[in-house]
Amino acid sequence: MRGVAVAVERTGEWDEIVDVVVVGSGGGALTAALLAAHNGASVVVVEKDEYIGGTTAVSGGDMWIPNNHHIADQDSRQDAIDYVTRLSDGRASDPSLIEVYVDTAPEALLYLEEHTGYRSEPHLRLDDYYSVIGDRIPGVRPFPRSVSVMPYPAKAELGELADRINRGPWIPPREISFPEARRGDVGPEELERRRREGWLAKGGGLIAPLLKALVDEGVEVRTSTPAVGLVTDGGTSVVGAVVESGGVRRRIGARKGVVLACGGFEWNAEMVKTYIGYEVKPISPWSNTGDGHLMAMEVGAKMGSMTTFFSYGAIHDPWEKGRDGNPLPQMLMGLGPGSIIVNGHGERFMHGGYTYNDFSHPFGFYDQRLPGFPNKPPAWVIFGSEHLEQGVLGAKPGIAMSFTGPDGQEPPEWVATADSIRELAEKIGIDDDALQATVDRYNTYAEKGEDPDWGDPLQTHVLTGPSTVEHRPVVGPRYGAIQQWPGTIGTNGGCRIDADARVLGNRSPVVDGLYAAGNVSASVLGATYPGGGGCVGPSVTMGYRAGRHVGARAARDIG
Ligand SMILES: Cc1cc2nc3c(=O)[nH]c(=O)nc-3n(C[C@H](O)[C@H](O)[C@H](O)COP(=O)(O)OP(=O)(O)OC[C@H]3O[C@@H](n4cnc5c(N)ncnc54)[C@H](O)[C@@H]3O)c2cc1C
């Protein structure tokens with residue numbers, strides 16, 4: 001999929017003039033729109049998809065917010081800064097933005113709670129992701145700094161508009177919050193009631209109250225209306241946007257500015273190839289095609305962190321299709337105990353218990369001894385009869401991928417079965433000696449409950465837990481293999497921004513009138529994922545700063 005055509009068009013006749021145009025309708029966008037409106041600006045939000053909320057709406061909605069009001073007595077600003085600084089290991093585009101984030105996120109959270117119907121609660125059993133190796137890094141906390149979205153009565157508050165909020169297949173049910181699910185305190189009857197009444201938790205429970213607050217402010221959210229270009233004054237200022245709706249282009253003047261909050265470029269294969277270099281499967285709505293990046297580059301924006309992305313493992317469900325009609329990538333890293341992940345050389349290069357944001361990156365490792373990329377995707381998950389007999393390829397809450405189709409169909413060619421490891425190797429194009437040796441070695445140790453190569457429980461992630469690398473041999477008589485891909489829940493490189501989310505320029509220090517928040521910007525956390533909510537937290541927080549700044553600035557004379 002390509003980005004929409006982008007063009008820079010000089011000023012001329014406007015079809016419409018407002019103070020602020022917000023591009024996109026995810027968490028960063030709606031927060032920016034709200035803050036701009038609260039600071040006195042007239043605002044219009046344009047969204048490319050027919051649904052509202054982007055990836056944020058289909059996400060868990062968690063936000064990693066150190067020092068938030070639920071935990072402030074147990075946390076410290078400096079510890080949080082030290083932790084992220086250590087994780088980013090010198091790669092953050094602008095390390096000073098880590099401080100900006102840590103200082104602003106708790107304030108933005110409180111703002112949303114005080115000015116919208118959004119309510120948070122502390123997450124449960126989601127400690128900082130690197131707390132398992134807490135003795136090696138500073139500032140980490142062995143409890144959740146992440147906040148979770150409490151359920152919101154979307155239908156009662158928004159009526160039919162609630163049906164326009166994006167939905168995704170990945171983390172059902174969307175009516176129950178993560179803490180509720182972990183406590184097990186919502187039974188089938190309560191779930192049924194919430195479904196009937198149209199409640200939303202997780203990402204939808206963040207988007208819905210933001211949308212309601214915007215409706216109350218009289219801010220229009222126009223769906224199926226992509227921005228296709230930015231309008232400059234002929235110099236280095238952005239003074240409007242070109243949008244398309246029903247095949248008609250309109251030029252909207254923006255007296256105060258344009259906020260790009262239109263997501264990553266994970267669905268733009270050409271950009272993924274150019275910047276990341278290897279195929280990464282998008283696990284997000286189809287519409288994040290890097291349009292904001294392309295538009296910003298056209299007006300001289302400085303870009304950063306373009307080679308990075310928020311990662312997750314992706315294994316395609318043989319029987320379920322996504323909105324694009326292709327097999328649905330499920331969020332899976334291996335298939336749990338009794339399976340191993342191998343590269344195209346039949347060698348293990350990771351295990352399924354990795355912190356998900358770190359899972360995809362070993363696929364890009366270059367080995368000078370080959371020379372080449374030994375782990376280039378796809379990798380393969382190798383498993384035995386145990387999985388095949390259960391008929392289940394992968395299982396985690398809400399996901400149960402069946403081996404045979406609903407009508408008993410045989411699986412597609414990227415799922416292979418065989419009577420021996422050697423035969424399996426041949427079917428999937430891997431050297432049979434190498435795969436046999438890898439499985440033999442793994443099994444020898446797994447029978448003793450050991451895994452000297454990749455079994456260090458301290459390498460596991462708090463979310464997936466040590467059980468992910470529980471050592472059970474891969475045993476026949478039948479064996480199976482399914483492709484394992486690196487996946488992304490959103491790229492995180494993009495426009496470099498300052499503390500107020502103003503886009504930095506190549507031709508001028510900042511591109512006047514242009515702001516960016518979320519995955520269209522270079523991640524303020526330096527592409528790290530310190531704990532659950534490492535994407536939505538920054539998107540909302542920098543959207544908050546962008547909206548506040550652009551809303552409060554003086555309107556320009558744009559003709
Ligand atoms: C299943 C799942 C669970 C996740 N859970 C979490 C979680 O709990 N916490 C967390 O931090 N992260 C989570 N993530 C990742 C996170 O949701 C995203 O990285 C984040 O929401 C991106 O936010 P954003 O504001 O940058 O963009 P998005 O929310 O993706 O919004 C971008 C919007 O811009 C629109 N757009 C694109 N181009 C244009 C254009 N030309 N004109 C107008 N509009 C345009 C898109 O259609 C989209 O609606 C999850 C992701 C998935 C898939």
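Predicted model: local features only at pLDDT ≥ 70, side-chain atom pairs only at ≥ 80, totals over all residues.
A residue counts as buried when its relative accessible area is under 20%. The briefing covers aromatic pairs, charges over rings, and cysteines.

**Aromatic pairs**

- The structure holds 12 aromatic pairs.
- One of the pairs joins Trp64 and Tyr83: the ring centres are 6.1 Å apart and the planes meet at 55 degrees, so this pair is tilted.
- Trp64 and Tyr83 come from distant parts of the chain. Trp64 sits in strand β4 (residues 63-64), while Tyr83 sits in helix α3 (residues 77-88). They are 19 residues apart.
- Trp64 and Tyr83 are both buried.
- Tyr278 and Phe309 also pair: their ring centres are 6.5 Å apart. Their planes stand at 75 degrees, and planes over 60 degrees apart count as edge-to-face, so this pair is edge-to-face.
- The Tyr278 and Phe309 pair also links distant parts of the chain, 31 residues apart. Tyr278 lies in the loop between α9 (269-276) and β11 (281-282). Phe309 belongs to strand β13 (residues 309-321).
- Tyr278 has 14% relative accessibility, so Tyr278 is buried. Phe309 has 1% relative accessibility, so Phe309 is buried too.

**An aromatic cluster**

- Which residues form one aromatic cluster? They are Tyr129, Phe310, Tyr312, Tyr356 and Tyr529.

**Charges over rings**

- Arg251 lies over the face of Trp14. The distance to the ring centre is 6.0 Å.
- Lys281 lies over the face of Trp485. Here the distance to the ring centre is 4.2 Å.

**Cysteines**

- How many disulfides does a search of the whole structure find? The search finds zero.
- Cys262 has a relative accessible area of 15%, so Cys262 is buried.
- For Cys535, the closest cysteine sulfur is in Cys262. The two sulfurs are 16 Å apart, which is too far for a bond.

Methods: Residues numbered from 1 in each chain as written. Heavy atoms only, no water. Phe/Tyr/Trp six-rings, centres within 6.5 Å; stacked < 30°, edge-to-face > 60°. Helix = DSSP H or I, 4+ residues; strand = E, 2+ residues; numbered from the N terminus. Buried < 20%, exposed > 50% of the residue type's maximum accessible area, 1.4 Å probe, protein only. Lys NZ or Arg CZ within 6 Å of the ring centre and 35° of its normal. Disulfide = S-S within 2.5 Å.
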